[in-house]
Amino acid sequence: MDLKYPVGKFHFDGEMASMADDWIKEIGTLPSLLKEAVASMGDEQLDTAYRPGGWTVRQVVHHVADSHINAYIRFKLALTEENPVIKPYEQGRWAELPDYGMPMDISLTLIEAVHGRLHTLLSGLSADDLNRTFLHPDSGEVKVGENIGMYAWHGRHHLAHITSLSKRQGW
């Protein structure tokens with residue numbers, strides 16, 4: 001298994017209409033799956049990197065909170081403005097900031113809240129909404145539907161970092 005990409009890299013084949021409902025359901029279930037994955041971990045386990053040179057479990061959870069807050073804002077911008085330019089951020093540097101040492105419960109609660117909002121927002125989108133776009137300075141034009149898939153994958157990707165580490169370590 002590829003420790004960096006345990007579920008493989010995100011691949012979008014252009015069939016977002018058929019996949020959007022599944023991706024939205026996946027976004028809705030991520031908070032409970034993350035909580036379950038870390039529920040029995042102590043500090044030593046939470047501070048274990050999921051791969052050599054990778055983030056710790058604690059950093060992964062805080063990162064998911066940060067990333068999915070940014071995603072929520074990007075969706076809202078794309079749905080209310082014409083092809084807005086969104087702001088990227090330095091996720092590696094964010095992981096070095098003091099708030100990444102906080103108890104994970106704070107980020108788990110934040111993920112639950114953001115995903116509650118995301119799930120409601122995305123569940124109400126029309127086919128036209130799925131085709132709305134935003135402009136990412138590095139990735140170019142991104143459709144809302146494709147971004148739904150990207151964030152469903154992103155959650156699955158980081159959850160697999162945690163669950164595969166647990167399995168490998170026998171936790």
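G170 follows helix α7 and has a positive phi, near 75°. The model is predicted, so local features need pLDDT of at least 70 and side-chain atom pairs count only at pLDDT 80 or more, while totals for chains, interfaces and linings use all residues. Residues are numbered from 1 along each chain as its sequence is written, and side-chain values use heavy atoms, with hydrogens and water left out.

Helices here are DSSP runs (H or I, at least four residues), numbered from the N terminus.

| Helix | Residues | End-to-end C-alpha distance | Expected span | Buried |
|---|---|---|---|---|
| α3 | residues 57–80 | 35 Å | 34 Å | 19 of 24 residues |

Helix α3 packs against helix α5 (residues 104–123) at an angle of about 25°, with the axes 9 Å apart. The axes are lines fitted to C-alpha atoms over the stretch in contact, and angles run from 0 to 180 degrees between N-to-C directions. This angle makes α3 roughly parallel to α5 (under 35 degrees). The crossing of α3 past α5 is left-handed, meaning that the near helix is turned anticlockwise from the far one by less than a right angle.

Contact means heavy atoms within 4.5 Å. On the α3 side the contact residues include V61, I69 and F75, and on the α5 side they include L108, V114 and L121. By class, this contact has 16 nonpolar, 4 polar and 3 charged residues. Nonpolar covers Ala, Val, Leu, Ile, Met, Phe, Trp, Tyr, Cys and Pro, charged covers Asp, Glu, Lys and Arg, and polar covers the others, Gly among them.

Note on methods. Helices (H or I, at least four residues) and strands (E, at least two) are DSSP runs, numbered from the N terminus. The expected span of a helix is 1.5 Å times one less than its number of residues. Buried means under 20% relative accessible area, exposed over 50%, partly exposed in between (1.4 Å probe, protein chains only). Angles under 35 degrees count as roughly parallel, over 145 as roughly antiparallel, 65 to 115 as roughly perpendicular and the rest as oblique.
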